[in-house]
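Trainee: I'd like to learn how to read a fold like this one. Can you walk me through it?

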Amino acid sequence: WASVQSGVTDELYSISFSGSNGICGGGSQTILYSTNMGTSWNIFQTGFFGGGFFGAAMLSPQIGFVAGQNSIFQPLFAKTTDSGVNWDFTAFYLNNNEGEATGIDFTDANNGYVSAAVWDGTGAVSKTTDGGANWNTILLPTNQTIHDLEFVDANNGYLCGGLGFFKSTTDGGTTWSGGV
């Protein structure tokens with residue numbers, strides 16, 4: 001491993017690459033991007049009060065996403081279509097609940113998912129079919145925080161969380177089955 005200077009002092013939580021282009025999310029709503037396989041990093045933003053980006057996903061060398069929480073306790077989603085140089089942001093609620101997005105994955109430019117935690121401990125999964133402009137949330141009947149999720153294709157996905165919590169879907173996130 002080689003040390004690389006990020007240019008920020010906030011904690012960094014998430015990273016994803018597609019080819020030589022990468023994105024990184026951190027505390028204080030930090031977003032970094034690299035176009036040279038992480039040899040150096042550019043700061044898009046940092047220094048916000050509260051929040052952070054706990055999940056990152058690069059769909060292609062140009063299209064990437066981060067998810068986390070803004071300063072007023074809403075899940076926050078951001079999307080880039082130019083390798084991290086510019087970002088569009090969308091804040092949303094988890095069925096009228098505050099909380100945070102903990103992970104993110106997209107199967108194509110329009111269809112994506114975030115794992116989430118409502119402040120009362122309820123786990124949630126939010127899905128978009130329009131590239132992140134709108135989100136629909138499923139609250140899962142558990143008091144286990146969901147930490148991350150991964151989709152292998154448009155139908156099949158997995159999520160995991162606290163105390164060994166694990167579930168899978170075969171219908172694009174409409175229903176989830178598996179362990180407690």
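This is a predicted model: local features need pLDDT of at least 70, side-chain atom pairs count only at pLDDT 80 or more; totals for chains, interfaces and linings use all residues.

Trainee: What does the secondary structure of the chain come to?

Mentor: Zero helices and 15 strands. The C-alpha atoms sit in a box of roughly 40 × 35 × 35 Å along the principal axes. The radius of gyration is 15 Å, close to the 16 Å that the globule rule gives for 180 residues, so the chain is as compact as a globular protein of that length.

Trainee: And how many of the residues are buried?

Mentor: Buried residues make up 51% of the 180. The chain exposes about 8,400 Å², and carbon and sulfur atoms supply 51% of that area. As for contacts between residues at least 6 apart in sequence, 35% of them join residues at least 24 apart.

Trainee: How should I read a nonpolar core?

Mentor: The general idea is that in soluble globular proteins, nonpolar side chains tend to be buried together. Here, the largest nonpolar core has 15 residues, and Phe-77, Ile-104 and Val-114 touch the most other members. Strand E6 (64–69), strand E9 (99–106) and strand E10 (112–118) each give two or more residues to this core. There's also a second, separate core of ten residues, with Ile-23, Tyr-33, Phe-53 and Met-58 among them.

Trainee: Which residues is Val-114 in contact with, leaving aside its neighbours within four places in sequence?

Mentor: The list includes Ala-67, Phe-92, Ala-101, Ile-104, Trp-135 and Leu-149.

Trainee: Now the rings. How do I read an aromatic pair?

Mentor: A pair of aromatic rings is described by the distance of the centres and the angle of the planes. A search of the whole structure finds 15 aromatic pairs. Take Phe-44 and Phe-89: their centres are 6.4 Å apart and their planes are at 25 degrees, so the pair is stacked. Phe-44 lies in strand E4 (residues 42–45) and Phe-89 in strand E8 (residues 88–91), so this pair ties together parts that are 45 residues apart in sequence.

Trainee: Which residues do ring pairs link into a cluster?

Mentor: Phe-65, Phe-77, Phe-92, Phe-106 and Trp-135. You've met Phe-77 already, as one of the residues touching the most other members of the largest core.

How values were computed: Residues are numbered from 1 along each chain as its sequence is written. Side-chain values use heavy atoms; hydrogens and water are left out. A nonpolar core is a set of buried Ala, Val, Leu, Ile, Met, Phe, Trp, Tyr and Cys residues joined through side-chain atoms within 4.5 Å. Buried means under 20% relative accessible area, exposed over 50%, partly exposed in between (1.4 Å probe, protein chains only). Helices (H or I, at least four residues) and strands (E, at least two) are DSSP runs, numbered from the N terminus. Contact means heavy atoms within 4.5 Å. The radius of gyration is taken over C-alpha atoms; the globule rule is 2.2 Å times the number of residues to the power 0.38. Accessible areas come from the Shrake-Rupley method with a 1.4 Å probe; for residues, only the protein chains shown count as cover. Rings of Phe, Tyr and Trp (its six-membered ring) pair if their centres lie within 6.5 Å; planes under 30 degrees apart count as stacked, over 60 as edge-to-face and the rest as tilted.
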